[in-house]
Amino acid sequence: MKITKQMAGSWARGQLACAKPGIGLNFKFDRRSGMATGIASAVALGLWIWTRYPLWMLPAFAVAFALLSATTLRLDGILGVAAGAGLLYGGAWFSVYALQTIILEPDLMEKTKDSIWELNMLMVLIVYLVVATVLLSVRWTWLIVHSLCLVVALADYFVYQFRGNEIIYGDLTSLGTGATVAATYRYNLDAKGGTWLLLSILVIAAVFRVQIRVRSWVGRIGLRVLTLVLVLHFTPVVEKKLSRLVTQTWELKGTYKNGFLANFMLSKRDSKVKPPAGYSREAIASLEELAEEEPERTYQSQAGGAPAANEAANAAFEAGVKPVIITIMDESFADFRLIGDLQTNEEVTPFIDSLVDNTIRGSLLTSVYGAKTPNAEWEYLTGNTMAFLPGGSVPYQQYMQKNQTSLVSSLINQGYTAVAMHPYYKTGWSRNSVYPKMGFSELRFMDTGDFDEENILREYITDQELFDKIIDRYEAMEEDENLFIMSITMQNHGGYKNLYDNFDHDIYTTDGHYFQDANQYLSLIHETDRAVENLITYFREQERPVEIIFFGDHYPGLSNDFVKSLNGKGASGLTLTELEQLFSVPFFVWTNYDTQEAQVACTSMNYLSTIALERSGLEMPAYNQFLSKLRQVIPAMNQRGFWSESEGKYLHYQDAAGEEAEWIRRYRILQYNGLFDREDRSSLYFPYIE
């Protein structure tokens with residue numbers, strides 16, 4: 001470029017301009033540039049005070065912003081169009097990267113697959129293109145869309161800090177509640193977030209110094225047509241990619257497995273549950289008539305009764321004293337003998353295996369494997385099934401409304417105090433908001449000081465500590481109080497590969513293979529067995545009738561090689577029957593009063609509270625009566641399929657026929673009515689607390 005006398009004079013005055021066909025570059029630092037730099041530097045200083053990003057960035061930012069504020073790049077014609085396309089494409093990547101980075105730590109960022117990055121980029125690119133179509137301005141499109149992504153990132157960051165779960169679509173229904181408590185929180189952003197806010201200001205400033213001009217109205221119309229064509233092209237691509245994913249709602253799993261934006265859209269998709277075929281008010285009315293006409297059919301075991309372990313408890317039960325009902329959903333408690341020949345140096349659960357008197361026991365189909373504990377909990381408490389809900393959904397976080405009937409409300413209506421205990425954080429799976437909706441009046445969590453955090457194995461509070469707190473609450477009962485305790489353990493939670501000073505592996509496999517994670521897991525289960533023995537021993541001597549319901553929520557996520565050593569295949573390439581073995585967990589219902597012994601080959605989580613009510617002597621609500629009848633036709637079911645008595649094997653739901661298909665249809669209609677039909681919810685099947 002040849003510098004003329006005029007340009008040299010401009011340079012001396014702090015400005016420089018040059019021009020080529022379609023390109024114009026101008027540098028001019030004036031009072032306006034100085035004011036903009038001063039304001040931006042003040043904002044940067046405020047960010048530093050708030051987030052404490054590296055201090056050297058502050059002067060570097062001020063210098064960079066000053067240079068940008070004095071520079072203008074003009075691009076006309078085809079060069080402008082090309083630059084605009086590049087800025088929109090680059091903006092989508094920059095916005096997605098900023099959003100993900102603000103939310104996630106680096107170790108979680110590494111877990112995000114390239115295909116997920118591309119999906120989320122395409123989603124943001126569509127937004128960029130739509131806004132650009134309306135405004136026909138790259139600069140303002142950048143400002144609006146990237147600012148929106150920053151707001152979303154910060155909102156999710158702070159929501160996670162406050163409650164331990166990400167934002168999903170269902171949270172939009174509780175914005176009012178969130179707004180009322182928002183002012184009570186302290187908003188602390190880390191240095192990483194501050195750095196990205198600072199960088200965003202700088203990059204947006206740079207984009208605003210680029211002037212793209214399309215002079216003719218024909219060109220402007222052509223650009224709008226082009227952006228709309230791209231939107232129409234990318235939208236079905238995004239929809240197809242989303243169809244292959246399921247919603248993730250545990251901690252930050254949604255952001256690193258699906259990307260925040262994709263996971264949010266998945267949660268929106270899963271929030272829409274359509275009424276089943278044939279659903280109507282008339283269909284509900286006919287099912288209400290069915291409940292009134294048909295006699296109640298309850299489960300009867302083939303075995304005879306066993307003598308009560310405690311005569312006083314038996315006498316009290318016979319006299320009409322309501323039993324204390326204690327539920328223990330034991331984290332990752334499973335029996336690998338159900339899927340193969342497990343050989344160990346000693347028995348893993350000798351006490352639980354020995355329970356016979358006054359006990360019904362067997363295996364229980366669950367809908368989850370390795371994770372998503374609350375879905376098992378939800379099936380147990382409500383009697384509903386995940387079979388009729390979208391894959392990946394979590395009812396606790398997506399479908400739980402106030403006044404929904406469950407075992408909790410049914411027992412409260414029969415005079416019980418409902419207590420929930422979980423020796424972990426109250427925000428886990430939103431239990432602190434879900435439990436009050438169900439009717440629990442006492443909530444006990446680790447972070448509310450209700451458990452001794454010195455009693456841990458590995459990093460989690462022991463089952464024994466939880467069981468001790470159950471006993472403490474029992475001993476604190478009023479004389480005329482009826483007590484229901486729902487407890488969820490943490491001792492056996494996943495993560496079995498690290499070594500710990502506070503835990504030795506007493507149990508190990510003896511088939512010639514060494515599995516570090518399996519040995520640790522089996523040793524943990526052995527500790528659970530000891531704790532259960534202490535609990536049963538205590539309640540066996542109590543004079544009040546007591547019923548204990550114990551079950552695992554799902555199998556642990558152990559190495560595929562270990563699973564393969566048992567079933568010969570691992571966790572893939574399985575038939576439906578083989579797959580269901582990996583969803584069958586042990587359970588027992590024990591009483592200290594006289595009840596029939598029984599061994600159940602297989603039932604399922606949605607029936608377990610009904611089984612417990614049948615053995616409690618309490619009133620059976622209409623929905624549980626329906627489930628008791630349903631169980632006679634379909635003994636076991638979960639999200640993947642059901643056991644067909646007529647075929648003698650597991651079937652997918654679309655393969656159901658005859659009486660089985662009819663009962664599945666009834667069940668689907670009733671469940672939809674109780675979960676989603678607020679206006680015409682059946683008061684017979686789904687009454688709430690009186």
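Ser 332 is found in the loop between strand 5 (324–330) and helix 15 (350–354). In this predicted model, the phi angle of Ser 332 is near 55 degrees, a positive value in a residue other than glycine. Ser 332 is buried, with a relative accessible area of 2%. Trp 429 is placed in the loop between strand 7 (416–422) and helix 19 (431–438). With a relative accessible area of 5%, Trp 429 falls under the 20% limit and is therefore counted as buried.

Along the principal axes, its C-alpha atoms fill a box of roughly 110 × 60 × 55 Å. Of the 690 residues in the protein chain, 52% are buried. Among contacts with a separation of 6 or more, 77% are accounted for by residues 24 or more positions apart.

Two helix pairs were examined. Two packed helices are described by the angle between their axes and the distance between the axes. For helix 2 (residues 31–51) and helix 3 (residues 57–69), the axes come within 9 Å and cross at roughly 155 degrees. This angle makes helix 2 roughly antiparallel to helix 3, since angles over 145 degrees are classed in that way. The crossing of helix 2 past helix 3 is right-handed. On the side of helix 2, the contact is made by Ser 33, Ala 36, Thr 37, Ala 40, Ser 41, Ala 44 and Leu 45. Helix 3 contributes Leu 58, Phe 61, Ala 62, Phe 65, Ala 66 and Ser 69. By class, the residues of this contact divide into 9 nonpolar, 4 polar and no charged. An α-helix has 3.6 residues a turn, so residues three or four places apart point the same way.

The second pair consists of helix 25 (residues 622–633) and helix 26 (residues 658–676), with axes that come within 10 Å and cross at roughly 155 degrees. Helix 25 and helix 26 are therefore roughly antiparallel to each other. Helix 25 passes helix 26 in a left-handed crossing. From helix 25, the residues in contact are Tyr 623, Phe 626, Leu 627, Lys 629, Leu 630 and Val 633. These meet Glu 659, Glu 660, Trp 663, Arg 666, Tyr 667, Leu 670 and Gln 671 in helix 26. The contact of helix 25 with helix 26 comprises 8 nonpolar, 1 polar and 4 charged residues.

Helix 12 (residues 260–271) was checked for its length. At 1.5 Å a residue, its 12 residues should span 16 Å, and the end C-alpha atoms are 16 Å apart, which agrees. The buried residues in helix 12 are Phe 260, Ala 262, Asn 263, Phe 264, Leu 266, Ser 267 and Asp 270.

A further loop residue, Lys 113, lies between helix 5 (106–109) and helix 6 (114–135). Lys 113 is exposed, with a relative accessible area of 60%, whereas Ser 332 is buried and Trp 429 is buried. Lys 113 and Asn 258 are separated by 145 residues in sequence, and their C-alpha atoms are 8.6 Å apart in space.

Conventions
Residues are numbered from 1 along each chain as its sequence is written. This is a predicted model: local features need pLDDT of at least 70, side-chain atom pairs count only at pLDDT 80 or more; totals for chains, interfaces and linings use all residues. Side-chain values use heavy atoms; hydrogens and water are left out. Helices (H or I, at least four residues) and strands (E, at least two) are DSSP runs, numbered from the N terminus. The expected span of a helix is 1.5 Å times one less than its number of residues. Buried means under 20% relative accessible area, exposed over 50%, partly exposed in between (1.4 Å probe, protein chains only). Axes are lines fitted to C-alpha atoms, for helices over the stretch in contact, and angles run from 0 to 180 degrees between N-to-C directions. Angles under 35 degrees count as roughly parallel, over 145 as roughly antiparallel, 65 to 115 as roughly perpendicular and the rest as oblique. A crossing is left-handed if the near helix is turned anticlockwise from the far one by less than a right angle, and right-handed if clockwise. Contact means heavy atoms within 4.5 Å. Ala, Val, Leu, Ile, Met, Phe, Trp, Tyr, Cys and Pro count as nonpolar, Asp, Glu, Lys and Arg as charged, and the others, Gly among them, as polar.
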